[in-house]
Each structure stands twice: as structure tokens, then as C-alpha cells.
Amino acid sequence: MAVHEHPHRTSGFHLPTFRRNGSASDGAATATAATTAARAYAFASLRLLTGFVFLWAFLDKTFGFGYATPSGKGWIDGGSPTKGFLSSVAAGPMESTFHDWAGAGWANWLFMLGLLGVGIALVAGVALRLAAVAGTAMMALMWIAEWPPAKHLSDGTLSMSSNPFADYHLIYAVVLIALAAAGAGVTWGLGKLWATLPIVRDHTWLR
């Protein structure tokens, strides 16, 4: 009799063990889903904040809100979005070139369209690859204009550079590339809808 009861006791112990394994798997799946969602929300937040940085720069330089651009000196008032910055370049291999570009009409238009285009793309969550390319090019030129590696300016004074390589322009460029690589336009954005457009499906570089 004991011989017949022993298998029943053994099988009875297997069922709870199976259920515990199932619960562990469910818990792991839930944790993974939560981590994925948190990552998506983090990238979406980073995308929106970075987009606002570009959009605000465009709006302030256009209308002169009195922050970085004084009131009455906005682009619509006849001010130049590039003259002040480029004419003050005082170090680096493109110093004289930037001085020549300062205040030029084509430079103003390219700079402002770049700010607006990257800002809208990031906020909307569309064309992030294009935004990454355009934004990285802008950040690279601005990095060269400030030229962090220089210890001294062209007049011999200290540059007061806080880091010879990593500055905020480099950080913004890396952020733009990361957002595009992560496909961060889907969460809180129009990225999924944008990807369904025929022209975007045929040309993935537009995503």
C-alpha cells in the first residue's frame, strides 16, 4: 500500500513547483516589459526636451524674447542670428572663415532653418535620422567655432575652456544620434504614423 501511495505523494509535490516556475517566468516578463516601457518614456522625454532646446533657440533668435536675444534685435527686426556668435570666434582653425560667414544671409537662413527643422522633427518624433545628421553637423561647426582644445585665444588671453574635448555641443550630437538609433519617435510622437508613409517606407533614411 505504501508502494502505491509514494508516487501520488511525489507527483503532488511536482505541481506546486511547476506553478512557482510559471510565476517566476511571468514576473520576469512583467519586469522586462516595465523596463522596456520605462526606457521608451525616458527616450521620449529626452527627445521632447532636446527638441524644445532647438525650437526655443529658433523662436528667441527670431522674435527677440529678451533672453539670449535682446528685445528689438530679433531676426524679424533686422537682427542677424549668426553675426554676434561667428564674429566673436577667437580661436580654432576656422576663425577667419567664421568671421567671413558672420551675418551673411545664406548663413542666417541655413542656421535658422536647421534650428527649426531639428526642433520640429524632435518634438513631433519624425525624420529623426535626418535630424540627427543635420543637428550633428550644426553642433560640429559650433564646436569648431568655440574650439575647446585651445588654452589661449588668438589675442593670447586664456580661453577658460572647461574641457578640451567634451562640451555641450558634443553631448547634443550624441543625444541626437542616440534618439535616432533608438527610434524614439514612437512614444509620445508621430514616429509610427510617419513610418507608414509610402515615401518613408521606400526610403528608410527618412525615418
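M112 sits in helix α4, where helices are DSSP runs of H or I at least four residues long, strands are runs of E of at least two, and both are numbered from the N terminus. With a relative accessibility of 1%, M112 counts as buried; here buried means under 20% relative accessible area, exposed means over 50%, and partly exposed is in between (1.4 Å probe, protein chains only). Leaving out neighbours within four places in sequence, M112 is in contact with F58, K61, T62, W75 and P81, a contact being heavy atoms within 4.5 Å. M112 and A57 are 55 residues apart along the chain, and their C-alpha atoms are separated by 8.8 Å.

A word on what you're looking at: this is a predicted model, so local features need pLDDT of at least 70 and side-chain atom pairs count only at pLDDT 80 or more, while totals for chains, interfaces and linings use all residues. Residues are numbered from 1 along each chain as its sequence is written, and side-chain values use heavy atoms, with hydrogens and water left out.

**The overall picture**

The chain has eight helices and zero strands. Of its 207 residues, 28% are buried. If you take the contacts with a separation of 6 or more, 62% of them are between residues 24 or more positions apart.

**Back to α4**

N108 is also in helix α4, and N108 is buried too, with a relative accessible area of 7%. Not counting residues up to four places away in sequence, N108 touches W75, S80, P81, T82 and G103. The side chains of N108 and T82 are joined by a polar contact of 2.6 Å. A polar contact is a pair of N or O atoms within 3.5 Å; within protein, one must be able to donate a hydrogen and the other to accept it, and residues adjacent in sequence count only if both atoms are side-chain atoms.

A127 isn't a glycine, yet it has a positive phi of about 50°. It is a buried residue, at 13% relative accessible area.

**How α5 and α6 sit together**

The loop between α5 and α6 (168-182) holds W147. W147 has a positive phi, near 45°, in a residue other than glycine, and at 25% relative accessibility it is partly exposed. N163 lies in the loop between α5 and α6 as well, and is partly exposed at 30% relative accessible area. A polar atom of the N163 side chain lies 2.9 Å from the backbone nitrogen of F165. N163 and P148 are 15 residues apart in sequence, but 6.3 Å apart in space, C-alpha to C-alpha.

Rings of Phe, Tyr and Trp (its six-membered ring) pair if their centres lie within 6.5 Å; planes under 30 degrees apart count as stacked, over 60 as edge-to-face, and the rest as tilted.

| Pair | Centre to centre | Angle between planes | Type |
|---|---|---|---|
| Y41 and W188 | 5.2 Å | 25° | stacked |
| W143 and W147 | 5.4 Å | 70° | edge-to-face |

What does the pair of Y41 and W188 tie together? Y41 lies in helix α1 (residues 2-63) and W188 in the loop between α6 and α7 (191-195), so the pair links parts that are 147 residues apart in sequence. Y41 is partly exposed, at 43% relative accessible area, whereas W143 is buried at 19%.

F52, W56, F63, F65 and Y67 also gather into one aromatic cluster.
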